[in-house]
Number of protein chains: 2
Amino acid sequence: MSLNRLYARVHEVNSLLCIGLDPAHTSNFSDLISFNRRIIDVTHPYTAAYKLNTAFYEAEGSSGWRALEYTTAYLREAYPSIFIIADAKRSDIAHTSERYMRAFFDRLGVDAVTLNPLMGHDALAPFLEREDKVSIILGRTSNPGAADFFDMMTDGHPLWQRIVEKVATEWDARRNCMLVIGATEPQHIAQARAIAPYVPFLIPGVGAQRGDLAASVQAGITADGRGPLINVGRGILSHSAPAAAALRYQMAINEALQR
Amino acid sequence: MSLNRLYARVHEVNSLLCIGLDPAHTSNFSDLISFNRRIIDVTHPYTAAYKLNTAFYEAEGSSGWRALEYTTAYLREAYPSIFIIADAKRSDIAHTSERYMRAFFDRLGVDAVTLNPLMGHDALAPFLEREDKVSIILGRTSNPGAADFFDMMTDGHPLWQRIVEKVATEWDARRNCMLVIGATEPQHIAQARAIAPYVPFLIPGVGAQRGDLAASVQAGITADGRGPLINVGRGILSHSAPAAAALRYQMAINEALQR
């Protein structure tokens with residue numbers, strides 16, 4: 001099962017920390033790759049996964065995409081057990097989504113990619129069919145605008161809960177899905193967990209977006225006892241001592257798990 | 001107004017045709033750019049806009065992104081009045097969306113980009129704030145999976161109509177928005193037009209996806225008399241004579257307008 005690669009890494013380093021490699025203050029290929037290498041080399045002992053948001057690379061055009069490729073290749077070479085996520089939030093009609101699937105899973109070679117569910121099943125199908133890879137679907141994001149449509153009521157339930165239900169009952173047939181559930185309101189995590197007891201969560205929003213870490217971790221544990229992956233970006237990247245910050249997050253997550 | 005660039009080109013060539021430059025049978029930088037140049041050089045007299053779907057370029061990694069950059073630069077140089085759309089369907093939290101905005105509007109330098117509305121206002125705000133550029137928001141797509149969430153009923157109306165309403169009444173405050181409304185069911189176009197009388201539409205799905213061209217064109221005319229942009233991809237790219245196919249689409253659209 002494709003999630004086994006993630007679980008093996010979580011076990012190996014005893015960490016549920018995911019670091020968002022979103023270099024906000026670099027502006028060319030060599031800056032991007034040296035920044036990422038520096039962060040990776042000092043934080044990897046505390047880290048289950050790295051999440052690379054494509055926006056920060058595309059902002060530098062094709063040389064940014066080269067930095068994305070280089071960083072992925074570097075991780076594979078130097079630290080092969082690390083789980084790599086492309087935070088791309090893609091989706092398109094099936095004929096086109098199939099290209100994105102190849103772009104991320106085969107060409108770039110990441111383990112998982114984030115996906116936007118709005119266009120429905122056939123838009124995500126090329127990703128879902130890959131049993132060797134993980135599809136991470138937006139369940140409810142942590143930004144203010146999520147109130148516009150994710151929270152819109154549909155037949156007594158907010159849209160986001162219908163998305164979570166669809167993933168749990170249909171799209172996760174191959175047990176290769178995860179859900180993004182933002183941490184800014186921990187009750188969302190508990191509600192999502194009730195609807196999708198076994199789908200692992202990726203939880204952003206505990207760093208710069210200030211979600212409650214301990215409550216989020218506890219609410220995010222699956223019915224079979226697996227803790228959620230907690231993403232921190234700016235809280236580590238902008239820290240004067242990224243390794244110390246990563247270690248602190250790793251420990252805080254593990255403490256919350258044991259409460 | 002940012003849409004004036006589009007209207008000027010529509011007027012110049014008397015065409016509402018948009019060609020989707022989605023090279024499906026190429027596999028490296030030089031194939032991609034020579035394919036695109038060949039299509040552009042023979043079809044531009046009949047064409048208001050070219051739409052480049054990022055999936056087909058990302059499938060070739062950073063060299064694909066170079067082909068995207070090269071094709072955009074070639075269009076700017078050789079045929080400067082042509083309107084260029086990046087079909088990227090992006091969205092992310094504001095801090096990240098701002099990077100995508102820069103990537104497409106400044107770095108790549110296209111006139112318009114397609115956006116996924118699910119994450120709500122702040123996710124799109126960096127794009128909407130650019131008065132010199134056009135934000136093309138997914139209103140209702142033409143794929144089968146659109147039934148999953150776009151058609152979900154929210155307070156008596158399908159979600160997609162709430163999205164169209166939000167664009168018309170709030171997000172289009174700078175008159176720089178367009179909406180993607182799929183052509184596979186022309187009544188969607190008429191319904192969207194009733195909710196958003198002045199927002200121009202980009203209509204995909206009339207080529208390989210076989211929507212009814214004439215009905216779509218007529219239903220898509222704005223309250224101030226502007227016809228919709230009609231996107232055709234495979235119907236022209238896979239044709240043995242792309243120029244003749246483009247001319248035929250241009251004429252069919254114009255005939256439908258005059259009925």
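User: Which residues of α4(A) meet α4(B)?
Analyst: On the α4(A) side they are G61(A), S62(A), W65(A), R66(A) and E69(A), and they meet G61(B), S62(B), W65(B), R66(B) and E69(B) in α4(B). Keep in mind that this is a predicted model.

User: OK, and at what angle do the two α4 helices pack?
Analyst: About 175 degrees, with the axes 8 Å apart; the helix spans residues 61-78 in chain A and residues 61-78 in chain B. That angle makes α4(A) roughly antiparallel to α4(B), because anything over 145 degrees counts as roughly antiparallel.

User: What about E60(A), where is that?
Analyst: E60(A) sits in the loop between α3 (54-58) and α4 of chain A.

User: Buried or exposed?
Analyst: E60(A) counts as buried, since its relative accessibility is 11% and the cut-off for buried is under 20%.

User: What is E60(A) in contact with, leaving aside neighbours within four places in sequence?
Analyst: In chain A, E60(A) is in contact with T26(A), S27(A), N28(A) and L32(A), and across in chain B with R107(B).

User: Switching to the fold. How many strands close into the barrel in chain A?
Analyst: 8 strands, in the order β1-β2-β3-β4-β5-β8-β9-β10, and the pairing is parallel. From one strand to the next the twist averages 30 degrees.

User: How many bridges are there between β4 and β5 in chain A?
Analyst: Strand β4 (residues 112-115) and strand β5 (residues 134-140) of chain A pair over 4 bridges, in the parallel sense. L115(A) stands opposite I137(A) in β5(A).

User: Which strands does α8 of chain A touch?
Analyst: Helix α8 (residues 159-171) of chain A packs on the sheet and touches β5 and β8 (177-181); its direction makes about 155 degrees with that of β5(A). Helix α9 (residues 186-195) of chain A also packs on the sheet, touching β5, β8 and β9 (201-203), and its direction makes about 170 degrees with that of β9(A).

User: Now chain B. How many residues of β5(B) are buried?
Analyst: 7 of its 7 residues, so strand β5 (residues 134-140) of chain B is mostly covered, with buried taken as under 20% relative accessible area.

User: What does β5(B) pair with?
Analyst: Strand β4 (residues 112-115) of chain B is joined to β5(B) by 4 bridges, and the two run parallel. In that pairing, V113(B) has S135(B) as its bridge partner. β5(B) also pairs with strand β8 (residues 177-181) of chain B, in the parallel sense over 5 bridges, and there I136(B) stands opposite M178(B).

User: Which helix goes with β4(B) and β5(B) in the β-α-β unit?
Analyst: Helix α6 (residues 121-128) of chain B, and the unit is right-handed. There is also a right-handed β-α-β unit made by β3(B), helix α5 (residues 94-108) of chain B and β4(B).

User: How many bridges between β3(B) and β4(B)?
Analyst: 3 bridges, with strand β3 (residues 83-90) of chain B and β4(B) paired in the parallel sense. R90(B) has L115(B) in β4(B) as its bridge partner.

User: Which residues of β4(B) point which way?
Analyst: A112(B) and T114(B) point one way, V113(B) and L115(B) the other way, and all are buried. In a regular strand, side chains alternate between the two faces of the sheet.

User: Backbone check: which phi does K89(A) have?
Analyst: Near 50 degrees, a positive value in a residue other than glycine. K89(A) lies in strand β3 (residues 83-90) of chain A and is buried, with a relative accessible area of 8%.

User: Last one: how far apart are Q187(B) and F104(B)?
Analyst: 32 Å in space, C-alpha to C-alpha, and 83 residues in sequence. Q187(B) is in helix α9 (residues 186-195) of chain B and is partly exposed, with a relative accessible area of 40%.

How values were computed. Residues are numbered from 1 along each chain as its sequence is written. Chains are lettered from A and ligands numbered from 1 in the order in which they are written. This is a predicted model: local features need pLDDT of at least 70, side-chain atom pairs count only at pLDDT 80 or more; totals for chains, interfaces and linings use all residues. Side-chain values use heavy atoms; hydrogens and water are left out. Buried means under 20% relative accessible area, exposed over 50%, partly exposed in between (1.4 Å probe, protein chains only). Two strands pair if DSSP finds at least two bridges between them. A crossover is right-handed if, with the strands pointing away from the viewer, the path from the first strand over the helix to the second runs clockwise. Axes are lines fitted to C-alpha atoms, for helices over the stretch in contact, and angles run from 0 to 180 degrees between N-to-C directions. Angles under 35 degrees count as roughly parallel, over 145 as roughly antiparallel, 65 to 115 as roughly perpendicular and the rest as oblique. Contact means heavy atoms within 4.5 Å.
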